[in-house]
Amino acid sequence: MRALLQAIVLLLILIWMQTCMITSEEYVWKSATATYTNQTDGSIIIEGACGYGDLHKASYGKYSAGLSTMLFNRGSACGACFEVRCVDHILWCLQGSPSVILTATDFCPPNYGLSADYGGWCNFPKQHFEMSEAAFAEIAEKKADTVPVQYRRVKCERRGGLRFTLSGSFHFYQVLVTNVGLDGEVIAVKVKGSKTGWIPMARNWGQNWQCNVNLIGQPLSFEVTTSSRRTLTSYNVAPANWQFGQTYEGKQF
């Protein structure tokens, strides 16, 4: 019996050590490239592949970024935060290599008609960030075309709670989850009405999650799980008279 307990303890220690190694590796600086997209106000405000809509309303604003295929990972990176700094270019990088924190909000599609070194920056397997002009100007000269950068995953710092924006129809219910702290990435969502149990939702696209259940007239609770397997439950976030198109705020990680 004692030997069995020792074996179990040893196994748990090995699992914990492996988790720590994976977590620490995630936050190591890695190499990539970066460019910027021109917007009239110097930031990215268009609706991207993560489904956040107006990025100022979603609280991401100018610190939003489109990610190449390698980083975007079929949308699972939506909401994740990256620290990015310009390196190894004496002409284009700002002195001291200042960094910015970016949120993944869009997909930078590949263009295999162009070289990966000129125009095809998002071609697989390149690791590339398409930034807003305003954020890019905080790390490099704006007259630069593309610059070498280093990046690493960081925890997301958000103000207020998770935000749940409701949309759909009588038999189709969808929620957009934004303003997610710490991991930023949502990997699972459940919803519960006053007349239902917990209902797993399927990813529709980006951070839009759906189910085919009529929840009209019921106060709604949400259970959100992020990439590190943290789970947060916000009870009765939306009142019984909730409306499509409205946004409700829950707890924060």
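This is a predicted model: local features need pLDDT of at least 70, side-chain atom pairs count only at pLDDT 80 or more; totals for chains, interfaces and linings use all residues.
Hi everyone. Before we start, one definition: when I say strand, I mean a DSSP run of E with at least two residues, and the numbering goes from the N terminus.

Now let's go inside. The largest nonpolar core has 31 residues, and L67, F129 and M131 are the ones with the most contacts inside it. Several elements each supply at least two residues of this core, including strand 1 (30-37), helix 2, strand 4 (99-107) and strand 6 (147-154). Apart from it there is another core, of 23 residues, with F164, L166, V189 and Y248 among them.

Let me stay with F129 for a moment. Leaving out residues up to four places away in sequence, F129 touches, among others, A32, A65, L67, L71, F82, V84, L102 and Y151.

Next, F72, in helix 2, which covers residues 69-72. Is F72 buried or exposed? F72 has a relative accessible area of 7%, so it counts as buried. Which residues does F72 contact, if we set aside neighbours within four places in sequence? The partners are A49, C50, L67, A77, C78, D106 and F107. I also like this pair: F72 and C108 are 36 residues apart along the chain, yet their C-alpha atoms are separated by 8.3 Å.

Last stop, strand 12, residues 220-226. This strand is mostly covered, with 7 of its 7 residues buried. As a reminder, side chains in a regular strand alternate between the two faces of the sheet. Here, L220, F222, V224 and T226 point one way, while S221, E223 and T225 point the other way, and all of them are buried.

Who are the neighbours of strand 12? On the one hand, strand 9 (residues 186-192) runs antiparallel to strand 12 and is joined to it by 6 bridges. Within that pairing, V224 of strand 12 has V189 standing opposite, and V189 is a residue we met in the 23-residue core. On the other hand, strand 13 (residues 231-238) pairs with strand 12 over 5 bridges, again in the antiparallel sense. There, T225 has T231 as its bridge partner. Strands 12 and 13 form a hairpin with 4 residues between them, and R229 in the turn has a positive phi of about 70 degrees.

Definitions and conventions:
Residues are numbered from 1 along each chain as its sequence is written. Side-chain values use heavy atoms; hydrogens and water are left out. Buried means under 20% relative accessible area, exposed over 50%, partly exposed in between (1.4 Å probe, protein chains only). Contact means heavy atoms within 4.5 Å. A nonpolar core is a set of buried Ala, Val, Leu, Ile, Met, Phe, Trp, Tyr and Cys residues joined through side-chain atoms within 4.5 Å. Two strands pair if DSSP finds at least two bridges between them.
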